[in-house]
Amino acid sequence: MATTDEPAAEPEELDVSITSEVEQETSRALGKETRQVLFAVLLVAAFMALAHFTGLKAWITNVQTWKEMVRQFGWGAHAIFMIACAGTVMLGVPRLPLCAAAGLVFGFGEGLVLSLVSSTLGSYGAFILSRHGFRRAVESRAEKWPWLKKLLKKPSVLRVFWVRQLMVPGLVLNVLLGMTPVKHTRFLLGTLLGYLPLNVAFSLVGSGLGKGDLATTLTQLLAAMAVINIAAWLVYRVMKKQKTNG
């Protein structure tokens, strides 16, 4: 594939030859994402219920103490987290545990912003390296998804967003996108938007893990489930629309 940065067209209809494969992968990915969030929600809900009604309550107090120490450290803590998160994501480490950690340590709002920006920058770093030839080790892994290269032949913002919802390792996607003519702005915007649903959900889960009020924890966990279900519904509707248009 070309590695130039020429503008790519905005093809929104799927190639007939890959429609069924993309539909299957999308449905499977959305189901797995929902199960991941549900598992995390149930785990945190059970732990926090125990913590509020047993001797584990001291753990909640300790979390509040740690968070206060982080706040006293100031912007240095934010910078350290962002550098660490971006570096690990660039190397292919899954971002979702980092999102939950950011929510736990910094709270939902700050944690979401920090995890979203740093994971996007980490992916962009891998994208840049791919365009400079650092991709040989990953190319062989991409052979597991032959239809993916066809889908990303001329990637739009929507398609970058879409593939971020699939159960394909982020490093593989970053390298494959680096081998296409996608513009840097399209990669960044599509990745930022594509990461948003799960980053929101896991930041809510992580933040809920450190709350002193059980009702607040449960509210955030329910919000996490709502976010991922709404995102799954929207992606499913777009997929069906493109299949119909195709």
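A residue counts as buried under 20% relative accessible area, as exposed over 50%, and as partly exposed in between, with a 1.4 Å probe and protein chains only. By that scale Lys154 is partly exposed, because its relative accessible area is 48%. Lys154 belongs to the loop between α7 (146-151) and α8 (157-163), where helices are DSSP runs (H or I, at least four residues) numbered from the N terminus. Between Lys154 and Val182 the C-alpha to C-alpha distance is 6.9 Å, although 28 residues separate them in sequence.

The model is predicted, and local features need pLDDT of at least 70, while side-chain atom pairs count only at pLDDT 80 or more. Residues are numbered from 1 along each chain as its sequence is written.

Helix α3 (residues 75-90) has 16 residues and should span 22 Å at 1.5 Å a residue, which agrees with the 22 Å between its end C-alpha atoms; the expected span is 1.5 Å times one less than the number of residues. Ala77, His78, Phe81, Cys85, Ala86 and Val89 of α3 are buried, and they line one face of the helix because they fall within an arc of 150° seen down its axis, the arc being that of the directions from the axis to the C-beta atoms. These buried residues pack against α2 (57-73), α4 and α5, contact meaning heavy atoms within 4.5 Å. The face of α3 turned away from the buried side carries the exposed residues Ile80 and Ile83, and just after α3, Gly92 takes a positive phi of about 105°.

Key
Heavy atoms only, no water. Helix = DSSP H or I, 4+ residues; strand = E, 2+ residues; numbered from the N terminus.
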